[in-house]
Amino acid sequence: MGIQGMELCAMAVVVLLFIAVLKQFGILEPMSMEDSSDSELELSTVRHQPEGLDQLQAQTKFTKKELQSLYRGFKNECPTGLVDEDTFKLIYSQFFPQGDATTYAHFLFNAFDADGNGAIRFEDFVVGLSILLRGTVHEKLKWAFNLYDINKDGYITKEEMLAIMKSIYDMMGRHTYPILREDAPLEHVERFFQKMDRNKDGVVTIDEFLETCQKDENIMSSMQLFENVI
């Protein structure tokens, strides 16, 4: 599998892999017509109690029925109401046995763990999913920037982007075609910065990232691929 140009389509990679894993583990399922008569999320069987249904609906672009369906899937896979990083890494390692998904899963986990408390709550899950699936282009790109900005200082450095790219290559394993050279991730990062770093100061700001992405047809196309997944 070739990953040429991945630095311009990394957002698509993020969404594809995340949605594939969710479907694999039964968290994303078709909406059921037989929905519960309850107007609120069931809270009694989990240790972490999510926010009320009305509040989550206001924070996301999901309907009440969609939130109820997502919550049932989330609760089935995560009875405690929380997903810790080790569990998240285990899911990815099972889904990508030919490679090492540990580092990529770490970065993605941190992107969803909005409050940095070491666990993904249902609220974190649906807010992030809402952005990835139904957010505006601007919202999706800001989410992607946050993923690449590993230390959350408002800038993407070459070191950060290289870490992300290496984690994707490691996760894919050696099953790529054509076979990648050892310096391929670094070459991708250099091309990324040639396009994104407009003032050539060695870092990419959110404004540079948004401006460049919104002018790139490939990236804009990737933004539309995952709408109406659920």
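In helix 8, the buried residues are Glu-160, Met-161, Leu-162, Ile-164, Met-165, Ser-167, Ile-168, Tyr-169, Met-171 and Met-172. The model is a predicted one, and in it helix 8 runs over residues 158-172, its 15 residues reaching 21 Å from the first C-alpha to the last, close to the 21 Å expected at 1.5 Å a residue. An α-helix has 3.6 residues a turn, so residues three or four places apart point the same way.

What does helix 8 give to the largest nonpolar core? That core has 53 residues, among which Tyr-92 and Phe-209 touch the most other members, and helix 8 gives the most to this core, with 8 residues. In soluble globular proteins, nonpolar side chains tend to be buried together.

Seen as a whole, the chain holds 11 helices and 4 strands, and buried residues account for 48% of its 230 residues. Of the contacts between residues at least 6 apart in sequence, 68% join residues at least 24 apart. The chain exposes about 11500 Å², of which carbon and sulfur atoms supply 52%.

An unreviewed UniProt entry places the feature "domain: EF-hand" at residues 100-135, 136-171 and 184-219. Over residues 100-135 the chain is 67% helix and 8% strand, with the end C-alpha atoms 30 Å apart, while the span 184-219 is 69% helix and 8% strand, with its end C-alpha atoms 20 Å apart.

Leu-141 counts as buried because its relative accessible area is 1%, under the 20% cut-off.

Most residues other than glycine have a negative phi, and most peptide bonds are trans. Lys-152, however, has a positive phi of about 60 degrees although it is not a glycine, and Lys-152 sits in the loop between helix 7 and strand 3 (155-157). Lys-200 likewise has a positive phi, near 55 degrees, and is found in the loop between helix 9 (184-196) and strand 4 (203-205).

Methods:
Residues are numbered from 1 along each chain as its sequence is written. This is a predicted model: local features need pLDDT of at least 70, side-chain atom pairs count only at pLDDT 80 or more; totals for chains, interfaces and linings use all residues. Side-chain values use heavy atoms; hydrogens and water are left out. Buried means under 20% relative accessible area, exposed over 50%, partly exposed in between (1.4 Å probe, protein chains only). Helices (H or I, at least four residues) and strands (E, at least two) are DSSP runs, numbered from the N terminus. Contact means heavy atoms within 4.5 Å. Accessible areas come from the Shrake-Rupley method with a 1.4 Å probe; for residues, only the protein chains shown count as cover. The expected span of a helix is 1.5 Å times one less than its number of residues. UniProt positions are given in the numbering used here, feature names are shortened, and annotations may be inferred rather than shown by experiment. A nonpolar core is a set of buried Ala, Val, Leu, Ile, Met, Phe, Trp, Tyr and Cys residues joined through side-chain atoms within 4.5 Å.
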